[in-house]
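Subject: Structure handover

Hello,

Here is the structure we talked about. Please open it first, then read the notes under it.

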Amino acid sequence: MGSLVFLMGVLAFSPLALADFATRSIQDEHGTLTLHGTPQRVVVLEFSFVDALASVGVSPVGIADDKNSERVIASVRDIIQPWVSVGMRSQPSLEAIAELKPDLIIADAERHGSVYQDLSRIAPTLLLKSRGESYQENLAAALKVGVALNKETQMQARIAQHKALMADYKAKFSSAESIQFAVISAKGMWMHGPASYAGGVIKQLGLRSPIPEQTEQAYLPTSLEQLLKVNPDWLLLGSYSDHTVVDDWQENALFNMLTVAKKQQSVQVSPALWSLNRGMLAAEGIAKDLDGILN
């Protein structure tokens with residue numbers, strides 16, 4: 001009988017069991033967040049955090065998905081379970097979040113800093129950089145998400161796998177031509193510079209940006225004249241509307257002076273993949289796109 005009690009005690013305090021009660025502290029954009037145990041009900045307020053959860057096989061119960069589930073890229077949707085929308089990323093519904101009874105909220109420092117206290121009253125809130133983050137900042141944030149989920153080892157392994165896959169893609173590219181991604185709508189064009197997420201992925205793959213590296217602004221409002229000055233060899237366009245400013249520019253004689261017009265090297269890509277999601281799965285999708293376009 002004594003042996004049985006001892007064995008049960010060993011099992012109860014095995015490393016696997018103790019992990020469920022693990023306490024860890026994470027330095028985020030607000031300060032230090034201390035968490036206990038493994039979160040079971042996670043609400044995320046930016047797409048990059050959904051990607052991070054999916055990367056280690058965790059399904060959020062709620063997502064600020066702009067009330068459009070298809071804004072979450074297919075490779076992420078294929079991994080996670082159905083979720084409840086908690087509204088717009090710019091203004092998520094605190095009531096909808098509270099109704100889900102989360103034990104962890106992951107929020108964007110830029111968008112949600114002003115409601116951090118309100119979120120923290122609902123559940124422990126991890127405040128990380130997402131909007132305007134660089135590729136390297138995204139990987140650092142993903143690791144912090146892994147720690148918050150009590151899956152640091154799994155996230156480290158997934159990041160290592162991601163880096164190896166990106167290195168394999170990089171070895172396929174030999175083009176010296178410059179690559180520029182921009183989002184477009186009826187209101188205008190915004191080029192994503194080297195400091196942007198997409199710009200960082202392009203650089204990671206060994207490809208060249210036509211914008212000077214020292215440009216710190218992630219998203220650059222762009223006129224036709226400014227686009228002509230940058231004059232990329234390839235222009236990858238993520239469109240947010242059926243009719244865009246580029247449709248208007250094509251009526252202008254200046255447009256035909258662009259290298260992309262002369263060589264017919266303007267390509268439509270998914271804005272959800274290239275701009276909205278910003279995560280490892282998204283970066284791998286971008287690399288796959290570029291492999292198809294350039295090779």
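Below are notes on a pocket, some strands and a pair of helices.

This is a predicted model: local features need pLDDT of at least 70, side-chain atom pairs count only at pLDDT 80 or more, and totals for chains, interfaces and linings use all residues. Residues are numbered from 1 along each chain as its sequence is written, and side-chain values use heavy atoms, without hydrogens and water.

The largest pocket has a volume of about 340 Å³. (A pocket is an open set of points on a 1 Å grid over the protein atoms alone, where a 1.4 Å probe fits, with protein on both sides within 12 Å along at least five of seven lines; lining residues have an atom within 4 Å of a point. A volume is the space filled by probe spheres set on the points, which are joined across faces, edges and corners.) Its lining has 16 residues, and Arg89, Arg111, Arg131, Ser275 and Leu276 lie nearest the centre. Strand S9 (189-192) and helix H14 (271-276) each give two or more residues to that lining. (Helices, H or I, at least four residues, and strands, E, at least two, are DSSP runs numbered from the N terminus.)

Now S9 itself. S9 pairs with S8 (residues 179-184) in the antiparallel sense over 3 bridges. (Pairing needs at least two DSSP bridges.) A hairpin of 4 residues joins S8 to S9, and Ile184 stands opposite Met189. S9 also pairs with S10 (residues 219-222), antiparallel, over 4 bridges. There, Trp190 has Pro221 as its bridge partner.

Best wishes
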